[in-house]
Amino acid sequence: MSLKIRLMTASFPVLASVLSMAYAAPSMAQEACEVVDAEGNVTGGLDGTLTSGISTSNADDGAACNILINPTGTITITEGTGITVDSSNNVGHTGAINSLDVDNVTGIELQGGNAGELNLAGAINLTESTEPVDEDGDLTVDGPFATGSGRTGILISGSAPFEGTVNALAGSSIEIEGNDSYGFRLMETSSFTGDINLGGTIRVIGGIGYDVDGNPIGPASRAVMLEGSVTGDVNQNGSVVTQGEGTSAIYQSGDITGGMTNGGSISNTGYRFTSRGTVTAVPDAIDETDMLQAGAAIHIGGNLTQGLHLQREFVTTTDAEGVETTEQIGNSQINQFGSAAAILFDGDGTTINIGMIVPITNTESPELQFAFVNQGTISSDAIFDDLTATTMEVRDAILEGGISNSGAMTSQTYRGSENGTETTALSRVIVLGSGGMAEQIQNSGLIRAIVSENTNEIYADVNRPLSPQSLIAVAIDIEANASLTNIVNSGVIQASLVGREGTAIAIRDASGTLTTIDNTGTILAVGTTSDPLGNQGLNFTTIAIDLSANTSGVTINQTLGPDDDPEDDITPTEPQIVGNILLGDGNDVVNLESGGVTGDLDFAGGDDVLALSGGASYEGTLTNTGGLIITAVDGSSLTQTTATPIDATSASFDATSAFNPTIDGQTGDVSTLNTTGDIFFGNGATIVPILTNVIDPTNNSFTLLYAGGALTLEGTVNSLVSFESPFMYETNFALDPNNANALLITLDLRSAEAMGLDGAQSAAFGTTFDALIANPTLAQAFVNITDGDEFRGSLNQLLPEFAAAARHFVVANVDGAVGAVGSHLDNARQSQDQGGGAWVQEFTYFADRDLAGLSEQYRGFGFGFTGGLDTSFGPFHTAGVNFGFASTEIEDVLGIDEPLDVMTFQGGLYGGFEAGDFSLDIYGGGGFNEFDQNRLVEIGNFSDSAQGSWSGTHVNASLRGGYDLALSKKLWARPSFSIDYLRMSENAYTETGTAGTSAIALDVDGRTSELAGATAMLNIGANFEGKRTWIRPSIRAGYRSEFINDGVVTSYGFAGLPSRSTIISEAFPEQGFLLGFSVAAGSGYSSFGFDFDSDIRDGFVRHTGRFVLRMIF
């Protein structure tokens, strides 16, 4: 039957073309009958306009005939029916049947007891002129969707069956506006034998009508209403839009001996607006008439022998060379807006039977051996706050073969600030309610339920959000009086919360009938914060599988899915279960052969089995009140994430597997594996402890294994140690001297030397350790680091700026300004006229320190401006004052901090003295410095930041002397010697940050440091002088030695904690080579110069470039 459906729907466009040609013969006669000539050509048909209805039984001057309405033909009715098929004849309609503001009218009526074919390629428009208007000035329309009633596009009536076919072809349209109205209706007392194929557009606007007293006066409108029985198939491959209270796109209450398919689109709602953005943008404009509730988009209330198939539609074509190509031309898409289910199977107290789409004997299409198959998309969206949403619901119905989904089934609800119950805004996808029975649910697509807080309302003031409301989402929900045997999942089954508290459940069985879950895909329950700032606490309960009502025993199998193409490089994705698993008191089996389970696993009572193989992993809190056998083989692992004992009957870990217990080092609690029987660990099996915080050094020995039977270790006790053990501790295992069937672990804190710490890290470790004790969250991330490099890098993240980076870049800023003064004095000395002047210079620099221990590497760059005013004064050929500004960014090479920003403001006095070929320059000044740092800490799952801002001052002086030697008329040499001094003071500061940063915020003492050095330099250059200008290029080399170069002393602690540490930075290299070159030029009115210098030391390099411009006046 399924094949027949596809062929028939695929032939609609061809049939439409035939009708268009066959019924397009021009005729001005009012005769509506078809005419067939001797050659079999069809002519005749209505081309003009009729103002009253016609009937097949007497259309041919009182005789019966087939009726044709050509594209130019129109029937306008003011009462009754446009075309009545009251004899065994056919109707072809490519024109229009219209009525306006007329109640109780029908477009085409097929009366029972007759046979024929209806081909609709034209339009049926039964509408009204009333339009909703804005009655209250809120910029949205008000009032009912429709005011008329009793309008039906196509009606099948009578007590005897009508035999034939109904085809609404692609391009056809049925437009109905009215309450208690229908696009297509098979009356309750009628029946139809044949197929119903709906491939055009059906739009029904209207719902339930009310009298002046507000009492309902009729049922709701439907696009397709099947009250009577059908022997045949019902296929909807067009577009259906319904809008109004209680409406449905397809409503079946009679029996169908055949199947139902949908390969088109359906949109069903009682709302005026179906966009969440619209209703949240104008919440005050929404009233009760804007949020009426529709019925189900597809309501199945009668027997359906060949199921409901929401299909993809394909067409196969053959080219001239005989090559067949199959492409998808359609896809079922159902959008439900409101609280009613998108798909509802409901016998309403009487059990209905939904048969399989194809029988079990059909080996060509096993994917259709279900009562319900979804290959398209189904979405149910509540749109408004505090309403439920359901995608599919089954009550008082038996679904033979069960449910199959290879498409997408989703539900979405929203929770506002109003108080409600725990089920307010409940979001569910598949619900088996009372009397709902299915053999299985097979999912290879997406099943996802989502509920979100109304963030626009909750966070209207983002700094003062409203109280959290509890959310609940359930992807698959089997209620107490329902029945489902097994679930097979190779896709995604997901329940998601977006808020701050609530419960997400992927699979819940309250009936106790679900006995098997086979998973090769993903089953997960998750919660994410709705807080845009991330400051709000979260209280989510996430349950992947809740089978706690089962007492007969369940089996959960998780295996790797099949590899569809073993020859390619793509392997199947490992299956996952994320969320808690709750089992009942039966004898349960959890068999994990691949992938992982993350979440608590409660076996409850019974004699249970947890079997891990194929590299599978379990991570969570394992609990059990009955018997439990644990096995782990083939590289599998069991991780108990809380310090809760595991009670079992026996446990066995082969040579490739691992047991990862949790230890609370402060309370002494530990997840000891306790068995009444034996425990076995193969030679090569490992035990990797998970620590919740730092270990109390006075209580650092714990029992990890306790066997009531025999404890068997194939290897030595120390062979259990893994390279993944916590790096911070030395791990040692030993048998309990008082019980050979118990295993102890001892965790000794490593020495600084054993941890490979440098001097700064060693000095800081004590303070850091105290901070870990004070903050378990930070400690848990820190103490579970297993790699030495990662450990030392994480320690660096908890340190202040101590490596003299701030000082060295202030020195760079000052050197840039002082060097600019020196360049200016050199240029001024060479100028032909040495009057007063103004000058300005720009300088840039780059510095990199990479060989200073493990924790003191940095690099940075900066730029600055300096300028001055000067004149000749006494013995000085040039004397003046300068001011400057410089900005620096210092990159944390080893860590993840944002750059340390340094700003320096510099001012000073200078003078240049010249006696013959000897010159002497002096400078004295000082300035103000500002420092800003955003320190980031990301260690494991811990992430935080702290911001520090501090300031300081500096004073500096410089003395430089040199002698000019003429090597020739143009060449010269200038040996020089200089002494430089800087003293810098930094103020104390305490870091601040967002809520919760007290764990990493530092309190840093003020500090003072000095630096002084002597430099010897040899410059060699040339003079090129013109009548009015000169050019002076030069190169230089030198050597610098710093005779005051003590390490920077930084004393600090963590904010709010008493412990303090003092770190002395590694000694900066005292000697280094200097290389540089200059190009200077000038005239009697101005001079400029460019300098480039490099300071090269062991593990440090700094490059500085300067450009100076002097104006003489």
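This is a predicted model: local features need pLDDT of at least 70, side-chain atom pairs count only at pLDDT 80 or more; totals for chains, interfaces and linings use all residues.
1. Let's start with the extent of helix 5. This helix covers residues 759-774, 16 residues in total. From first C-alpha to last, helix 5 reaches 24 Å, which is close to the 22 Å expected at 1.5 Å a residue.

2. The axis is worth a look in your viewer. Helix 5 bends by about 45 degrees at Phe765, and Phe765 is also among the buried residues of this helix.

3. At the start of helix 5, look for Asp758: one of its side-chain oxygens comes to within 3.3 Å of the backbone nitrogen of Ala760. Ala760 itself is buried.

4. Which other residues of helix 5 are buried? Besides Ala760 and Phe765, they are Gln761, Ala764, Thr767, Thr768, Phe769, Ala771 and Leu772. The cover over the buried residues includes two helices, helix 6 (776-783) and helix 7 (788-797). Strands also contribute, including strand 72 (729-736), strand 73 (739-749), strand 87 (1049-1054) and strand 88 (1061-1064).

5. Now to strand 7, residues 80-85. This strand is mostly covered, with 5 of its 6 residues buried.

6. Strand 7 has a parallel pairing with strand 4 (residues 54-55), made over 2 bridges. If you want a residue pair to check, Ser55 has Thr84 of strand 7 as its bridge partner.

7. Strand 7 also pairs in the parallel sense with strand 10 (residues 105-111), here over 5 bridges. A handy pair to inspect is Thr81 with its bridge partner in strand 10, Thr106.

How values were computed. Residues are numbered from 1 along each chain as its sequence is written. Side-chain values use heavy atoms; hydrogens and water are left out. Helices (H or I, at least four residues) and strands (E, at least two) are DSSP runs, numbered from the N terminus. The expected span of a helix is 1.5 Å times one less than its number of residues. The bend at a residue is the angle between axes fitted to the seven residues ending there and the seven starting there. Buried means under 20% relative accessible area, exposed over 50%, partly exposed in between (1.4 Å probe, protein chains only). Contact means heavy atoms within 4.5 Å. A polar contact is a pair of N or O atoms within 3.5 Å; within protein, one must be able to donate a hydrogen and the other to accept it, and residues adjacent in sequence count only if both atoms are side-chain atoms. Two strands pair if DSSP finds at least two bridges between them.
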